[in-house]
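Please look over the model below with me. My notes follow as numbered points.

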Amino acid sequence: MADSLDRLFAAVLEARDRNPSVSRTSKLFRDGVQKMAKKLVEEAIEVGLDAVQMNRESVVLESADMLYHLAVIWAESGVTPGEVMGELDRRERTYGIAEKLPKHAGAAQLRRMSQLGPRRKAVS
Ligand SMILES: N=c1c2ncn([C@@H]3O[C@H](COP(=O)(O)OP(=O)(O)OP(=O)(O)O)[C@@H](O)[C@H]3O)c2ncn1[C@@H]1O[C@H](COP(=O)(O)O)[C@@H](O)[C@H]1O
């Protein structure tokens with residue numbers, strides 16, 4: 001998945017400066033972050049609705065659209081897929097530690113063990 005996202009992100013960056021009349025990606029960059037955010041939210045809603053309707057095939061298609069629009073938002077925000085993957089890795093390590101703690105462990109102990117910042121939730 002990380003490789004696919006990296007390639008998608010690179011394609012988005014490459015399309016950014018194309019002619020907006022031939023590239024919808026370029027047009028999205030021209031339209032700005034509010035339009036990008038609107039598209040991302042629309043796709044997320046579509047994924048959720050398709051899941052509720054148990055339309056498995058549409059969940060796949062709309063998820064791919066959502067990831068594309070997420071890649072656009074990352075590019076606009078100066079965020080790289082590597083940073084997001086790094087955060088996923090960090091959480092994997094953190095929650096791996098949290099899972100090994102006794103259930104009655106307090107929040108302070110969880111924070112110490114997981115090295116999370118004070119405003120981060122260690123477990124939900
Ligand atoms: N991966 C994608 C990709 N995924 C989804 N989409 C577009 O996002 C749309 C989904 O959003 P919507 O459902 O809102 O689209 P819509 O119904 O046409 O709505 P409007 O945007 O017209 O309002 C799809 O119809 C696709 O056109 C993508 N458009 C481009 N890419 C990749 O982005 C790169 C640059 O492509 P260009 O934008 O063509 O330069 C290429 O590598 C492409 O493969």
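1. First, the residue classes used throughout. Ala, Val, Leu, Ile, Met, Phe, Trp, Tyr, Cys and Pro count as nonpolar, Asp, Glu, Lys and Arg as charged, and the others, Gly among them, as polar. On that scheme, the shell around the ligand has five nonpolar, two polar and five charged residues.

2. Basis of the note. This is a predicted model; local features need pLDDT of at least 70, side-chain atom pairs count only at pLDDT 80 or more, and totals for chains, interfaces and linings use all residues. Residue numbers start from 1 along each chain as its sequence is written.

3. Ligand shell. Around the ligand sit Leu 8, Ala 11, Val 12, Ala 15, Arg 18, Ser 23, Arg 24, Thr 25, Lys 39, Glu 42, Asp 65 and Tyr 68. Here a residue is near a molecule if its C-beta atom, placed from the backbone, lies within 6 Å of it. Two or more residues each come from α1, α2 (24-31), α3 (33-52) and α4 (56-77). The most come from α1, with four residues. Helices are DSSP runs (H or I, at least four residues), numbered from the N terminus.

4. Domains. The protein chain is assigned domain 1 (2-79) and domain 2 (81-124); such bounds come from an automatic or database domain assignment. Six residues from domain 1 and four residues from domain 2 make the contact. Contact requires C-beta atoms, placed from the backbone, within 7 Å. On the domain 1 side, helix α1 (residues 2-15) gives the most, with four residues. That side has five nonpolar residues, no polar and one charged.

5. α1 against α4. Their axes come within 9 Å and cross at roughly 60°. Axes are lines fitted to C-alpha atoms, for helices over the stretch in contact, and angles run from 0 to 180 degrees between N-to-C directions. α1 and α4 are therefore oblique to each other. (Under 35 degrees counts as roughly parallel, over 145 as roughly antiparallel, 65 to 115 as roughly perpendicular and the rest as oblique.) Leu 5, Leu 8, Phe 9, Val 12 and Leu 13 in α1 meet Leu 67, Tyr 68, Ala 71, Val 72, Trp 74 and Ala 75 in α4. This contact has 11 nonpolar residues, no polar and no charged ones.

6. α3 against α4. What angle do the axes of α3 and α4 make where they cross? They cross at roughly 160° and come within 9 Å. α3 and α4 are therefore roughly antiparallel. The contact of α3 with α4 has 12 nonpolar, three polar and seven charged residues. Among them are Lys 39 and Glu 43 in α3, and Glu 62 and Asp 65 in α4.

Definitions and conventions. Two residues are in contact if their C-beta atoms, placed from the backbone, lie within 7 Å.
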